[in-house]
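Hi,

Have a look at it first, then read on.

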Amino acid sequence: MKPFTHLNLSEAMLSNLENLKYEMMTPIQELSIPPILKGRDLLAQAKTGSGKTAAFGIGLLENLDISRNRIQILILCPTRELSEQVAGEIRRIARFRPNIKVLNITGGMPMNKQELSLKHQAHIVVGTPGRILKLLNRESLVLDEMKAFILDEGDRMLDMGFMDEIRSIFEFLPAQRQTLCFSATFPKEIRELGKTILKNPMEITLEAFHNPDVIEQRFYEVSSGDKIAAVLGIMKGFKPESSLIFCNTKDSCRQVGSRLNGFGLHALTLHGDLEQNERTEVLIRFANGSSGILVATDVAARGLDIDSLGAVINFDLPFETETYVHRIGRTGRAGKEGLAFSLIRPKEKFRLELINDHLKSDYIAVVPGPEFIRSDINKGSELQSEMRPEMITLSINGGRKNKISAGDLLGALTVKDGIDGEDVGRIDRLDTVTFVAVKRSSKNRAVKVLENGTIKGRRFKVMIRDS
Ligand code: ADP
Ligand code: MG
């Protein structure tokens, strides 16, 4: 990693970064800031938490014409929450000079206030596609002097069904501009969109796996019969927000999943015997916060792209050291340590030696005490309520093919006597089914309004996906 002083940045920018305690560039920053400063278009892929916001923020703000109070940068984010986060980060970076105005313009907020703010102009607008498009159509948002456009979290935009809105927004952008597209993964649709909106883009892709040095690794020596209890002990002791539990076989995977569910932990399993649509549903429910535990085999987990895994647990130790490194590399984020736990049977201790040789480390396997092996956790226990996921997934039997948009579904949920917009999470739209995460506490109301209401004039069947 290199320090920011390696870049050709203004003194003001460097000293602000120092204040923010940004000393070393993250890999995506090191690779993308130089071409951004040169005005190149970019198609960049890097894991969530890798510092993408600062990458484009630093690169673009350095060239902003502050004396010109017109919108020069437009940043699109898929959700209100992400938009707020990005606006916050951009404001922090913008402190390098006084009076840079950043507006955050998202749905769910009063539009008249947003229009008033836009009348007073700003340098940068961050927002969500639906509301931005609306304001463009109303001509309250004018982008004649826009120089840079950023599509953030492209793959999530796609998941949420925003591609139509985004294409419409493009009609309003000046042809002469710099365009940056960031995404955690590059599905086919994003590549294709990239081809139409980017000019001679530079492509940056980063390995999505973390270095073992930033991962806290713990090894527990337990007998086979105590493994489930040890997993419960890990849950109790560390409360990881999300965990990926690796098993060596499909059978082991199934068993672990069903035993954990016996404790009411809402675990999901992913293995080679699942149909494609079952696999898709599992991934959606894990990613949208409806389950905090995914039990998987190595093969099934291949290509899995899940942000911010709190912990990786090796229920079975892998046979190969490389597999171990690969598995644990899925936890951890920029600036945050990952956690990796491994359960080792007494007979397998030689494997830890191989891992130590490979990592040049000297981990030892701890024999956990009785307070850690939580065989005493019963149904309805404290752990069960502590581990209850915040969200739950509902599905309706209509999707892309029925022209249902994320906005339609959000609208149907938040009607009068419906649920609060804050209680709606990720919406994943497939061809003939749409999944929506809602807060568990709002489940009944959400089901009721969806069952009683219509979307695009049609009634849909609602299902709760929580088994
Ligand atoms: P991404 O968009 O890639 O998911 P973010 O831009 O949200 O990631 O950054 C994740 C976190 O890392 C933020 O809290 C941000 O303030 C912090 N961060 C970004 N760059 C650096 C850096 N160079 N040094 C330290 N922290 C950083
Ligand atoms: Mg981001």
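Phe 219, Tyr 324 and Tyr 363 form one aromatic cluster in this predicted model. Rings of Phe, Tyr and Trp (its six-membered ring) are taken as a pair if their centres lie within 6.5 Å; planes under 30 degrees apart are called stacked, over 60 edge-to-face, and the rest tilted.

A word on how to read what follows. Residues are numbered from 1 along each chain as its sequence is written, and chains are lettered from A and ligands numbered from 1 in the order in which they are written. Local features need pLDDT of at least 70, side-chain atom pairs count only at pLDDT 80 or more, and totals for chains, interfaces and linings use all residues, while side-chain values use heavy atoms, with hydrogens and water left out. Helices (H or I, at least four residues) and strands (E, at least two) are DSSP runs, numbered from the N terminus.

Aromatic pairs

The whole structure holds six aromatic pairs. One of them joins Phe 149 and Phe 170, edge-to-face, at 5.0 Å centre to centre and 65° between the planes. Phe 149 belongs to strand S5 and Phe 170 to helix H8 (residues 163-170), so this pair ties together parts that are 21 residues apart in sequence. Both Phe 149 and Phe 170 are buried, where buried means under 20% relative accessible area, exposed over 50%, and partly exposed in between (1.4 Å probe, protein chains only).

Phe 219 and Tyr 363 make a tilted pair, with 5.3 Å centre to centre and 50° between the planes. Distant parts of the chain are linked here: Phe 219 is in strand S8 (residues 215-221) and Tyr 363 in the loop between H15 and strand S14 (365-366), 144 residues apart. Phe 219 is buried, with a relative accessible area of 1%, whereas Tyr 363 counts as partly exposed at 26% relative accessibility.

Helices H14 and H15

The axes of H14 (residues 321-328) and H15 (residues 349-359) come within 9 Å and cross at roughly 70°. That makes H14 roughly perpendicular to H15: angles of 65 to 115 degrees are given that name, under 35 is roughly parallel, over 145 roughly antiparallel, and the rest oblique. Axes are lines fitted to C-alpha atoms, for helices over the stretch in contact, and angles run from 0 to 180 degrees between N-to-C directions.

Strand S5 and its neighbours

Back to the strand that holds Phe 149. S5 (residues 148-151) is covered on both faces: Ala 148 and Ile 150 on one side, and Phe 149 and Leu 151 on the other, are all buried. S5 runs parallel to strand S2 (residues 73-76), joined to it by four bridges, and Leu 74 stands opposite Phe 149. Four bridges also join S5 to strand S6 (residues 178-183), again in parallel, with Ile 150 opposite Leu 180. Two strands pair if DSSP finds at least two bridges between them.

Helices H5 and H6

In helix H6 (residues 129-137), the buried residues are Pro 129, Arg 131, Ile 132, Leu 133, Leu 135 and Leu 136. They pack against S2, strand S3 (102-105), H5, strand S4 (124-127), helix H7 (154-159) and H8. Glu 115 lies in helix H5 (residues 111-119) and counts as buried at 16% relative accessibility. Leaving aside residues up to four places away in sequence, Glu 115 touches Leu 135, Arg 138 and Ser 140.

A four-stranded sheet

An open, antiparallel sheet has its four strands in the order S16-S17-S15-S18. Strand S16 (424-429) and strand S18 (462-465) are the edges, each pairing on one side only.

Best wishes

How values were computed: Contact = heavy atoms within 4.5 Å.
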